[in-house]
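Please read the following report alongside the sequence and the model.

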Amino acid sequence: MNKLLSRQFKKYLGQAKAFPPGFDQFIAAISESYDHFERDRKIIERSIEISSNEMIGLNIELRKEKEELGIIQEELNFLFNSINECLFSIDMHSHQLLRISAPCEKIYGYSPSDFLANPELWSEVIYPDDQRMVNKDLRDLYEGKPVWNQYRIVRKDNTVRWVENRIIPTINSAGELIRIDGVINDITDRKQIELDLERSVSVLEATLE
Amino acid sequence: MIASAFDPENMKNILIFSDGHRVNGSELVRGLQEHLPEVVIITGGLAGDGSRFEKPLVGMNEIPIEGRVAAIAFYGDSLSVTFGSAGGWDSFGPERLITRSKKNILFELDGKPALDIYKLYLGEYAGELPGSGLLFPLCIRSAGSEKLIVRTILGIDEEEKSLIFAGDMPENAYARLMKANFDRLIEGASVAAQNSIEKDLHKPELAILISCVGRKLLLGQRIEEEVEIIRALYGSGTCLSGFYSYGEISPTSDFGSCELHNQTMTITTFSEK
């Protein structure tokens, strides 16, 4: 008989021996339900304890991962702003510039906050004669093709510089362009050498003719 | 095979009774759905043998045997068939990814042997597996979906550390343990009966009650309350019959497709207009 039921018997019925017929079965049913209740309680208490420990474990793991991610983020931010190239990311759903690194100021004369405040600024600074070529190249991004191009820009101080732009598109499972990530660097000096070289070759060819 | 043995013309309902140990309920339901017109209500259950998980027997006009699937098709313009199904279980603890499974056999959750997780939770009752596994069904959902399906353990494989369930356990779905709340289990039976009445607006003449054996093991002597609450709703004019199952079959809603359920009270009602 269940321990608690046995104690209750002694406490409330003393040493009573004579019970009505069928009483044994009745007591057995009560005893079984006491046992059943205690077993369920034990299982539930155990499962709550194990599950709570699992949740605490997961929480500790998540916190640790968050800390590690924070360190990685700091390192990335340092790298992002310390290299000479300008890095940028654009959300193509909202056409919002997500981030642009500090070297943009050296290349364009405009600060990252100028670009973040005016989403059209990057397009406005393209040298008018190169505008059409750049727009044509950008169409490839919608097909998931990376873009590599060179064009001129007009800096804030109105000087003209050559830049090289490499853009990687991200396409979602529905085939939509959702994001672009790119690198821009100033190639004016290199471009100048190339142009001078071309000019010299032309002069030489003309002279030889 | 079963579906093609019947004339689908004007079929109202097909009532299935299948061996619940040897038959994968999800595949049985899929096969029936593929070969029957959409309007046919598919209901029924997988036969069990309590917490023994040894030899469920099914038969029709014969001595019941193992591995049998029996089906009865109902026809007639004046016949009204309704159904209702409800559980009443609560999920708890972390959601785990099904990292390895094959059809209804679950090998790993979050890369760990599924059997070990059950043994950890069951403690001293792990020795009573697979019976004690009924205390903790799993609720599964596909990634990106909120629809939950309950699955219950029918067997274990110590060597492979796997668990055998009554229905499919797809890889990359998420699984969460469930625990019983006695009052909600009994309320679940009442919800199933109410749903069956709402579909026809009058009380049925016959109701087949198919309740999961896991509910019986948990509710113990209180299991009778399931039938009592249904009797109170239907009244004395309804003939009640049924069995404790290893899986229940019914549509999920009026327009939903038929599915294999676990740990539910599933009711099919019949009446003549």
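A residue counts as buried under 20% relative accessible area, as exposed over 50%, and as partly exposed in between. This is a predicted model. L76(A) has a relative accessibility of 43%, so this residue is classed as partly exposed. Its place in chain A is helix α2, which spans residues 23-82. L76(A) also belongs to a nonpolar surface patch, together with L69(A), I72(A), L79(A) and I83(A). The accessible area of these residues together is about 440 Å².

The next topic is the contact between chain A and chain B. Chain A contributes 16 residues to the contact and chain B contributes 21 residues. One of the salt bridges between the chains can be named: the side chains of K42(A) and E124(B) meet at 3.3 Å, N to O. The table lists totals for this pair of chains.

| Item, chain A and chain B | Value |
|---|---|
| Area buried between the chains | about 1,500 Å² |
| Share of the buried area on carbon and sulfur atoms | 59% |
| Salt bridges | 3 salt bridges |
| Polar contacts (both residues at pLDDT 80 or more) | 9 residue pairs |

Chain B can also be described by itself. Chain B has 273 residues, of which 52% count as buried. Its secondary structure consists of 5 helices and 16 strands. Of the contacts in chain B between residues at least 6 apart in sequence, 76% join residues at least 24 apart. The accessible surface of chain B is about 12,100 Å², and carbon and sulfur atoms account for 50% of that surface.

Terms used:
Residues numbered from 1 in each chain as written. Chains lettered and ligands numbered in written order. Predicted model: local features only at pLDDT ≥ 70, side-chain atom pairs only at ≥ 80, totals over all residues. Heavy atoms only, no water. Patch = residues over 30% accessible without salt bridge, like charges linked within 9 Å, V, L, I, M, F, W, Y side chains within 5 Å. Areas by Shrake-Rupley, 256 points an atom, 1.4 Å probe, with all protein chains shown as cover. Salt bridge = Lys/Arg side-chain N within 4 Å of Asp/Glu carboxyl O. Helix = DSSP H or I, 4+ residues; strand = E, 2+ residues; numbered from the N terminus. Buried < 20%, exposed > 50% of the residue type's maximum accessible area, 1.4 Å probe, protein only. Contact = heavy atoms within 4.5 Å. Buried area = accessible area lost by both parts, 1.4 Å probe. Polar contact = N/O pair within 3.5 Å; in protein donor to acceptor, adjacent residues only side chain to side chain.
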